[in-house]
Amino acid sequence: MNEWEHLLGAQHRAWHKVLIRATGLVNRGRVVLRPPTPNSVSSALFSSSLFFWGCMCVSWRLKVGGNLKSNPRIHGHSCSQVLRSRGCLSSDDFQQLLAELEQEVERRRRLGQESAARKALIASSYRPARPDVYAPLQDAVLAPEFRATAEYSASPNADLGGLLQKLETLSEEKRIYRLPVFTAAFCGALLEELGHFEQSDLPKGRPNTMNNHGGPSAPRQVLLHELGLDEPLVTPLRERFLQPLMALLYPEYGGALLDSHRAFVVKYAPGQDRELACHYDNAELTLNVALGKAFTGGALYFGGFFQAPAVLTETLEVEHVVGQGILHRGGQLHGARPLGSGERWNLVVWLRASTVRNRLCPMCCRPPCLVDDEGFGDGFTREEPPTVDVCTLT
Ligand SMILES: [Fe+2]
């Protein structure tokens, strides 16, 4: 067992302790009574300790406000060994990497406030091209198969076997599934609106704290909550449709206890960003829907669950199908192959269960150290959402 495997083994063990506790909650019939008010908490550990640089996860063991240069460590190998293997050969290279990481720490610290400011500016000065997209979620925008699958999942006699008959299983072992989500008409309307927003001179945020190659080259993205699409579209999609489905598919990953999300649209195009390095999502569960447009290439690929990127070998390749969504666990190592031609726009919804992540941050694999944030923050809560033992209900 090499050092990577040893470390990840430890992460697995810690992670499974969380899952066992979460499963216990489900098995004892405890359910969230009501959706909690929006969380406003992020993990300070995550904001300062985990970075993706190329296909490498770099952990800098420092406290917020500490000196990035004080004690840099990289999981499983000495700094010099890993950095050399990634092309960081000279002291100039190393200094450049440190500068990029320091920049990233500062960016993460400012994320919440800057996002709130962008949202306020968009709300006051942006005029949508498709106001209909902002209407409260109508069943008619959803694919009939998606509605039927969610309806089945919420029915009293639903079980996993019955649900799997309604999904396309892409990998039984990796627990990756696909199903139609939106109608073609809605995908078109959403793309028109997103294109209109992209053409505006309003500021656009980067959606997540995972960045591609440590620099400003992450794919073009729009955060849906900044655009005002959380309340009418994403929140009801999560609460009414995704939650019952995820509760059956991934109960031990908080599928029944989803209480927040981060939703964004990524764009890949020639001359812009064409691919995404392998990574984990800062989410218990993920929905990734291909909205269009016409494109070739850009397949998703999946490795193991919390597999070290450096040892990624056998992968599962999944081509996108417009209108359809892929469901997977956030900890499933994955990335996007280079786009061939055309433009690819995908809606990604990171689904979070504070009951699970409050105990162990999925990105740090350590208990989260919480700091105040805007909106849903990173999906943590300072207190457990209210629960009730349904066995006591009559
Ligand atoms: Fe991802």
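User: Strands count as paired when DSSP finds at least two bridges between them. In this predicted model, over how many bridges do strand β12 and β13 pair?
Analyst: Strand β12 covers residues 300–305 and runs antiparallel to β13. One link to look at is tyrosine 301, whose bridge partner in β13 is glutamate 317. With a cut-off of at least two bridges, the pair qualifies, because the count for β12 and β13 is 3 bridges.

User: Okay, and which are the edge strands of the open sheet?
Analyst: The open sheet has 4 strands, paired antiparallel in the order β9-β15-β12-β13. An edge strand here pairs on one side only, and that picks out residues 276–279 and 316–318. Those are β9 and β13.

User: By what angle are neighbouring strands of the sheet β9-β15-β12-β13 turned against each other on average?
Analyst: The pairing in this sheet is antiparallel.

User: Switching to helices: where in α9 does the kink lie?
Analyst: Helix α9 (residues 230–249) has 20 residues, and a straight helix would reach 28 Å, yet its end C-alpha atoms are only 24 Å apart. There is a kink of about 50° in α9, shortly before proline 244. The kink lies at leucine 242.

User: How many residues of α9 are buried?
Analyst: The rest of the structure largely encloses α9, because most of the helix counts as buried. Across the protein chain, buried residues make up 41% of the 394 residues. For α9, the count is 14 of the 20 residues.

User: Last one: is tyrosine 268 buried or exposed?
Analyst: Tyrosine 268 belongs to strand β8 (residues 260–268). Leucine 339, 71 residues away in sequence, is 7.0 Å from tyrosine 268, C-alpha to C-alpha. Around tyrosine 268 there are 22 other C-beta atoms within 10 Å. The cut-off is 20 or more, so tyrosine 268 is buried.

Terms used
Residues are numbered from 1 along each chain as its sequence is written. This is a predicted model: local features need pLDDT of at least 70, side-chain atom pairs count only at pLDDT 80 or more; totals for chains, interfaces and linings use all residues. Helices (H or I, at least four residues) and strands (E, at least two) are DSSP runs, numbered from the N terminus. The expected span of a helix is 1.5 Å times one less than its number of residues. The bend at a residue is the angle between axes fitted to the seven residues ending there and the seven starting there. A residue is buried if 20 or more other C-beta atoms lie within 10 Å of its own, exposed if 12 or fewer, and partly exposed in between; C-beta atoms are placed from the backbone.
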